[in-house]
Amino acid sequence: LKLALEDFEGCSLKATATNLVFAHGNPTAKLMFVGEAPGTEEDRNGIPFFGKSGQLLNKMIASIGLERSKVMVCNTVFWRPPGNRPPTPHEVALCLPFLERLIQIVTPSILVCLGGPASKTLFGTSEGIGRIRGKWFSYQNSGMPNPIDSTAMFHPKYLNQTPKQKHLAWRDLLTISEKL
Ligand code: URA
């Protein structure tokens, strides 16, 4: 799948990015996180959630007794949008078949969307993250024989900016840990 993305010329984000930012972690992980888009540090290193948001994500993962190498982490798009702008719906749609295939390959027990944009992409919901975080969904795409348990959490970037909401993220992580 990574080779297919490297050869894919259909998404113009590739033209302005330094590196492909594919997925990172264990391809047979039970827990998978999906963020929105790579930022500057991710683009420089080719690894999702490498910068400040990634450092908090690492702490969140560690707080439930896991480590980054044991889970799978990726984004809805695989290249950094120029200037770190949000990806357009068209760019997200172009990358979606690759994300769906990645979820099929990993088939985690629990899929976690980080923030509103990833939740919108995978759950098709228009509700804000404040309303859907902590709720559980059944996620399935056309290549998957069975649905998987999925939920949404605040994005680490938002939690870095709004630390008073961290208690809700902690609650969500505990539920994820119990379910695992
Ligand atoms: N924010 C994201 O959504 N993804 C990253 O990889 C880094 C920051």
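**Reading the ligand site**

A: A backbone N or O atom of Ala-37 lies 3.1 Å from a nitrogen atom of the ligand, a polar contact in the sense of a pair of N or O atoms within 3.5 Å. This is a predicted model, in which local features need pLDDT of at least 70 and side-chain atom pairs count only at pLDDT 80 or more, while totals for chains, interfaces and linings use all residues. Residues are numbered from 1 along each chain as its sequence is written, and side-chain values use heavy atoms, with hydrogens and water left out.

Q: Which atom of the ligand faces a backbone N or O atom of Phe-49, and what is the distance?

A: It is an oxygen atom of the ligand, 2.8 Å from that backbone atom of Phe-49. In the case of Asn-75, an N or O atom of the side chain is 2.7 Å from a nitrogen atom of the ligand. Taken alone the ligand exposes 240 Å², of which the protein buries 91%, with areas from the Shrake-Rupley method and a 1.4 Å probe.

Q: How is an aromatic pair described?

A: A pair of aromatic rings is described by the distance of the centres and the angle of the planes. Rings of Phe, Tyr and Trp (its six-membered ring) pair if their centres lie within 6.5 Å, and planes under 30 degrees apart count as stacked, over 60 as edge-to-face and the rest as tilted. The structure holds 4 aromatic pairs; one of them, Phe-8 with Phe-98, is tilted, at 4.8 Å centre to centre and 55° between the planes.

How values were computed
A polar contact is a pair of N or O atoms within 3.5 Å; within protein, one must be able to donate a hydrogen and the other to accept it, and residues adjacent in sequence count only if both atoms are side-chain atoms.
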